[in-house]
Amino acid sequence: ALNVYVTLSGFSDGLKVYSTIDGGTNWDNISGSLPNIPMNCIVYDENGSGGDALYIGSDIGVFYRNNTIGDWVYFSTPLQAVNINDLYINDSDNTIVAGTYGRGLWRSDKYTGCVSSITLLNIPGAPAGGVKYFSSSGTITSNVIYKTELGTEIHYKASNYVDLQNDFLAGSLAFFEAKTGNCPDIVNDPLVSPFISVSIFAMTEPKKAVCDEVK
């Protein structure tokens, strides 16, 4: 096959994953928003949805992308932030197995379009903007500060709850909504990593959102 994917294990920011469709004559950088940590292994899922489904094993867990998403999403719940040295896809039971450094073997269903939890972290001095959709089959936690101007449109949708932490800011001339419901296959914002699976401000009652809609 002429399609090849490679990962780099160094600390050069933005230089993590490359692909070629002509056997190496030309290479494309598909690192996207991956964090600046070693990427140790990669596996291609020929039966994955969305086209060109890829899983990466990194020093903090597993990342996933396909052509529909267009960027990498963190895919390690409930596996903690641990070094992944090897990945194997078992098409017979539709699972992926991760070999770790010091934590044994872990198995998970393959990516289905919805991560079980998402934590979005603010980047100081860099308010987020544009049109963003986040979907989770469990919870979404956020302290992100968004631009409060026309052209910013933010959508959070989680099956259990949406937790807006103390520093969260959205609204004014921008549009923001947060609601509960079934998770669609939409996650389109560059990730901030590592994602955090717990929140000290998290609500304990399921099926309840902090707010349904704020403008």
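The legends below accompany close-up views of a predicted model.

**View 1. Confidence across the predicted model.** The protein has a mean pLDDT of 80, and 83% of its residues reach 70 or more. Over residues 190–215, pLDDT stays under 50. For that stretch the model has 67 contacts beyond four places in sequence.

**View 2. An open sheet of four strands.** The strands follow the order S4-S5-S6-S7, with antiparallel pairing. Strand S4 (39–45) and strand S7 (73–74) are the edge strands, each pairing on one side only. Six bridges join S4 to strand S5 (residues 53–58) in the antiparallel sense. Tyr44 has Leu54, in S5, as its bridge partner.

View 3. In soluble globular proteins, nonpolar side chains tend to be buried together. The largest nonpolar core here has 34 residues, of which Tyr55, Leu87, Tyr146 and Tyr156 touch the most other members.

View 4. Glu149 lies in the loop between strand S12 (131–142) and strand S13 (153–158). Its relative accessibility is 42%, so Glu149 counts as partly exposed, a class that falls between buried, under 20%, and exposed, over 50%. Apart from neighbours within four places in sequence, Glu149 is in contact with Leu173 and Ala174. Glu149 and Leu173 are 24 residues apart along the chain, and 4.7 Å separates their C-alpha atoms.

How values were computed
Residues numbered from 1 in each chain as written. Heavy atoms only, no water. Pairing = 2+ DSSP bridges. Helix = DSSP H or I, 4+ residues; strand = E, 2+ residues; numbered from the N terminus. Core = buried A, V, L, I, M, F, W, Y, C linked by side-chain atoms within 4.5 Å. Buried < 20%, exposed > 50% of the residue type's maximum accessible area, 1.4 Å probe, protein only. pLDDT = per-residue confidence, 0-100. Contact = heavy atoms within 4.5 Å.
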